[in-house]
Amino acid sequence: MALLERLLAVPPPLPLHLPAHGRGRALAPGLRRLLRQPPGRWDLPELPEIGGPLEAEGAVADAQAAAAALLGAQRCWFGVNGASGLLQVGLLALAKPGERVLLPRNLHRSLLHGCLLGQLRPVLFDLPFDAATGLWLPPTPASFEQHLREALAAGPLAAVVLVSPSYQGLAADLPALVALAHQHGLPVLLDEAHGAHLGLDPRLPPSGLASGADLVVQSLQKAAGGLAQSAVLLQGAGVDEYRSQAIERALLWLQTSSPSALLLASAAASLAHLHSSAGCRQLSRALSIGVELRERLERIGVPLLATSDPLRLCIHTAAMGINGLEADAWLMERGVIAELPEPGCLTACLGLAPPRRVLRLLPRRLDQLRRALGGDPMAPFSAPPIPPLAEPELPLEQAWRAPQLRLPLAEASGRLAAEPLCPYPPGIPLLIPGERIDADRAAWLVQQQQLWPGQIADTVRVVAD
């Protein structure tokens, strides 16, 4: 009963975390009506009139077709295993076992799992690194083109994966990046988990579909009014029928055969509302609050990271001399619950209906935080000592299944990693199974362990000799 009691507890004074519906304030009206029905009435199987994501007829098929038309997609599929499950579907649809796929270093761990499931060969390209914040930045077209050419020189690629926007709200120049991939005949899978709202307001970057991506995955709890685990996979205009069939096969392999009717309804309702006139007005109001909040914080000297999304407020805690994880714990004790603590930053998600009191309360709390814990700026963060382009020395599936032993991080130099090191959130692996841990990488990982207290273990699993 402890879990139920927690879920029924009074909400904290200022929740600035996901889902984006803000504890129900921004739920799509249709979904709100459904949840007001007698409990459990919506918990239904795939009845003929309801259907499912892979059924040709029924309400789900109709809703998917309507969503595709609304978003400008060729086709769309709802998912009930979050963006994670649909990213894996996209990977398996675009690449066959043994084929190489180009991915950025800030990939979500679900993409790594997708490579394992499909026995794909990840080729990881490095990203610009910001020493002041410790964050990877979006790739520039010039750097991406160089990585692409070097990867192709080493062998053929099946697809390219891009991540935009980032968890912190940083967006890449997608039209340019997608065009570069297409020049080499490579399809693009876009992890747009945090960007379902993009393109719907002039203050936001264009959407992935509008930028030409072939497959786009959106999490409808992160930037729309959907429930957790609801997501959508969108197919661009350039994808042929063979790929569509491959998507459906991958959905059959990776998604449950008994999808939640509630989560399917959440996907349909949240997309319909977000793209409606009422949803766009709601988004516009939220963005205006985000812009005003940023202005108020800047006036009192709170350092903020420039982002592409006003609904993601990235507080540069390192500039105040505070580790973001310590700032998060201090604020949480005082009722401000942010979304993503990292050593150099603390990201708050305002959602689609930010509480008005955020304009008054958050500046006060951050000013108090600075006075309580602040000091000289933290030392610059060290970039990971990795090559611009890298492939695991041992295939993922072999490294993960090989006989293993656990060693202290400091003693792992020279060994092959058998597991990812992955602070969560954000879920970005610092180490990939099958990679060789050289002395510089081992020392860097020890440093990361100190910067992420409680997030990274003192030991790491390596492949046994």
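Buried here means under 20% relative accessible area, exposed over 50% and partly exposed in between, with a 1.4 Å probe and protein chains only. By that rule Phe125 and Phe144 are both buried. This is a predicted model, where local features need pLDDT of at least 70, side-chain atom pairs count only at pLDDT 80 or more, and totals for chains, interfaces and linings use all residues. Residues are numbered from 1 along each chain as its sequence is written, and side-chain values use heavy atoms, leaving out hydrogens and water.

| Partners | Arrangement | Values |
|---|---|---|
| Phe125 and Phe144 | edge-to-face | 5.6 Å centre to centre, 65° between the planes |

For the cut-offs: rings of Phe, Tyr and Trp (its six-membered ring) pair if their centres lie within 6.5 Å, with planes under 30 degrees apart counted as stacked, over 60 as edge-to-face and the rest as tilted.

Leu162 touches both Phe125 and Phe144, among others including Leu174 and Val188; contact means heavy atoms within 4.5 Å.

On to the sheet: it is open, with 8 strands in the order S2-S10-S9-S8-S7-S3-S4-S15 and mixed pairing. Strands are DSSP runs (E, at least two residues), numbered from the N terminus, and two of them pair if DSSP finds at least two bridges between them. S3 (residues 100-104) and S7 (residues 159-163) pair in the parallel sense over 2 bridges.

How values were computed:
Helix = DSSP H or I, 4+ residues; strand = E, 2+ residues; numbered from the N terminus. Lists of a residue's contacts leave out its neighbours within four places in sequence.
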